[in-house]
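Subject: Structure handover

Hi,

My notes follow below it.

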Amino acid sequence: MRPPPHVNPAPVLAARAPSMSDVAALAGVSHQTVSRVLAEHPNVRPRTRARVLAAIDELGYRPNIAARALATGRSRTLGVVSMNSTLYGPASTLYSIEEAAKLAGYFVTVASVRSLDRISLLEATGRLLGQAVDGLVVIAPLASAANALRDLPKDTPIVAVDGDPAAHDAVVRVDQVTGAKVATEHLLAAGHRTVWHVAGPADWLDAQGRITGWQAALERAGAEVPPLLNGDWSARSGYQAGRVLARMPEVTAVFAGNDQMALGVLRALAERERRVPADVSIVGFDDIPEAAFYTPPLTTVRQDFDEVGRRSLHLLIEQITSGIAGTDHTIGGTELIVGTELIVRQSTGPPRT
């Protein structure tokens with residue numbers, strides 16, 4: 001039956017969600033071929049696969065996840081538990097995992113928690129498992145998460161990012177210790193007698209690793225290990241520590257636990273008319289996008305968050321496809337460590353003679 005003359009059928013068709021048959025018609029292949037491409041079946045020619053994927057992209061086709069889950073037993077959805085934080089490190093880690101999952105053909109559901117205590121973590125993983133996710137990534141940079149990680153379901157594929165290797169068998173983390181060593185050695189090599197450190201919160205594994213690396217580099221060089229100044233990752237806390245350091249003429253080199261705290265130190269030194277790097281050299285950690293535009297541009301340690309995301313997804317998918325969960329202590333642990341890179345800019349130099 002034709003629609004009345006005043007009704008235009010085109011918007012009705014445009015509003016209809018594209019189906020697998022529409023993808024098959026546009027790509028010039030069978031319905032079964034589209035299904036094989038979506039299932040990542042190996043017996044599909046690369047040229048045909050590319051044509052189907054192009055048709056999917058052009059039509060904006062979204063597979064029926066529920067139907068696929070019934071057919072394959074997998075939802076192609078991953079759960080991520082993350083702290084509700086705007087800090088550069090955790091936020092960048094979450095973004096890298098989401099991007100890696102997208103490239104691997106997975107959807108991501110995120111459960112944010114205010115703290116990584118046992119109750120919060122178990123509640124968050126329970127919510128995600130209730131949505132039939134294929135596996136979980138837990139971003140766990142706090143030491144307080146160790147006990148919670150030990151209590152996670154043993155039969156579920158789980159990867160802990162920045163987690164404690166003693167608490168979980170499948171961990172991906174950045175080599176904080178070596179990154180801090182390299183930063184400290186860079187300042188010592190420039191001729192500074194010692195290096196002061198503005199550290200992050202004591203409960204953070206990242207902060208603990210950076211303290212360990214800083215101290216090890218000083219001890220190896222036979223340099224004095226100054227007392228720590230503690231911050232909370234914020235520029236304000238770096239500024240407060242910097243006001244103390246700026247009043248000490250013997251301070252010629254500072255390693256800040258992250259770039260935001262380094263920014264606060266820079267501000268405090270400027271207020272006391274102590275020039276960087278002529279009077280004091282500073283190294284940060286993270287290489288946030290703004291670090292190159294500090295005054296002066298900040299020497300810092302870069303973390304490869306993209307690599308963290310790729311390795312996390314690879315390790316999790318390996319568990320999903322093999323059917324062996326990362327918390328199965330009978331198979332031994334897997335710890336993947338991602339390296340760092342020192343980015344040298346204008347905030348470091350030799351001490352004034």
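Residues 24 or more positions apart account for 71% of the contacts with a separation of 6 or more; contact means heavy atoms within 4.5 Å. This is a predicted model: local features need pLDDT of at least 70, side-chain atom pairs count only at pLDDT 80 or more, and totals for chains, interfaces and linings use all residues. Numbering starts from 1 along each chain as its sequence is written, and side-chain values use heavy atoms, without hydrogens and water.

Overall picture. The protein has 13 helices and 12 strands. These are DSSP runs, numbered from the N terminus: helices are H or I with at least four residues, strands E with at least two. Of the 353 residues, 48% are buried, meaning under 20% relative accessible area with a 1.4 Å probe, protein chains only.

Helix pair. Helix 9 (residues 176-189) packs against helix 10 (residues 205-221) at about 40°, axes 7 Å apart. Axes are lines fitted to C-alpha atoms over the stretch in contact, and angles run from 0 to 180 degrees between N-to-C directions.

One residue. A262 sits in helix 12 (residues 259-271). A262 is buried, at 0% relative accessible area. Beyond neighbours within four places in sequence, A262 touches A256, I282, G284 and L298. I282 is 20 residues away along the chain, yet the C-alpha atoms of A262 and I282 are 7.2 Å apart.

Best regards

Methods: Buried means under 20% relative accessible area, exposed over 50%, partly exposed in between (1.4 Å probe, protein chains only).
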